Amino acid sequence: MFSNTTPEGRNNILLHQRITRLEPFDRAIILLWLEDMTYEEIAAIVGISVKALSVRLTRIRQKLISLNSNS
């Protein structure tokens, strides 16, 4: 685990804060993606198509960036 005084630690804390602001379904998707699961694996777990997952991940990442700008 990173110390919160290092740049990596601060980034991890900020990312965690933003992820907690996501809707539960989006939070589950992004956490699975951060665990390096394949799109196929994530889609099977959450019950959507790979294409829908791809679109959803793009929107989730955009939202995380937006939350960064609004913080």
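Visitor: How far apart are the mean positions of the positive and negative charges of the protein?
Guide: Happy to start there, with the reminder that this is a predicted model. The protein carries 9 positive and 7 negative charges.

Visitor: What pattern does the protein follow along the sequence?
Guide: The secondary structure holds 4 helices and 0 strands. Read from one end of the sequence to the other, the pattern is therefore α-α-α-α.

Visitor: What share of the residues is buried?
Guide: A residue counts as buried when its relative accessible area is under 20%. The protein has 71 residues, and the buried share of them is 23%.

Visitor: Which residues of H1 are buried?
Guide: Helix H1 covers residues 7-20, which is 14 residues. From first C-alpha to last, H1 reaches 20 Å, close to the 20 Å expected at 1.5 Å a residue. Its buried residues are Gly 9, Arg 18 and Ile 19.

Visitor: Is Ala 43 buried or exposed?
Guide: Ala 43 sits in helix H3. Its relative accessible area is 5%, and the cut-off for burial is under 20%. Ala 43 is therefore buried.

Visitor: Which residues is Ala 43 in contact with, leaving aside its neighbours within four places in sequence?
Guide: One of these partners is Leu 53, 10 residues away in sequence. The C-alpha atoms of Ala 43 and Leu 53 are 6.1 Å apart. With neighbours within four places set aside, the contacts of Ala 43 are Ile 48, Ser 49, Val 50 and Leu 53.

Visitor: What share of the contacts with a separation of 6 or more joins residues 24 or more positions apart?
Guide: Contact here means heavy atoms within 4.5 Å. Among the contacts in the protein with a separation of 6 or more, residues 24 or more positions apart account for 41%.

Visitor: Where does Asp 36 lie, and what is its phi?
Guide: Asp 36 lies in the loop between helix H2 (24-34) and helix H3 (39-46). Asp 36 is exposed, with a relative accessible area of 70%. Although Asp 36 is not a glycine, its phi is positive, at about 65°.

Note on methods. Residues are numbered from 1 along each chain as its sequence is written. This is a predicted model: local features need pLDDT of at least 70, side-chain atom pairs count only at pLDDT 80 or more; totals for chains, interfaces and linings use all residues. Side-chain values use heavy atoms; hydrogens and water are left out. Helices (H or I, at least four residues) and strands (E, at least two) are DSSP runs, numbered from the N terminus. Buried means under 20% relative accessible area, exposed over 50%, partly exposed in between (1.4 Å probe, protein chains only). Lys and Arg count as positive and Asp and Glu as negative; His and the chain ends are not counted. The place of a charge is taken as NZ of Lys, CZ of Arg, CG of Asp or CD of Glu. The expected span of a helix is 1.5 Å times one less than its number of residues.
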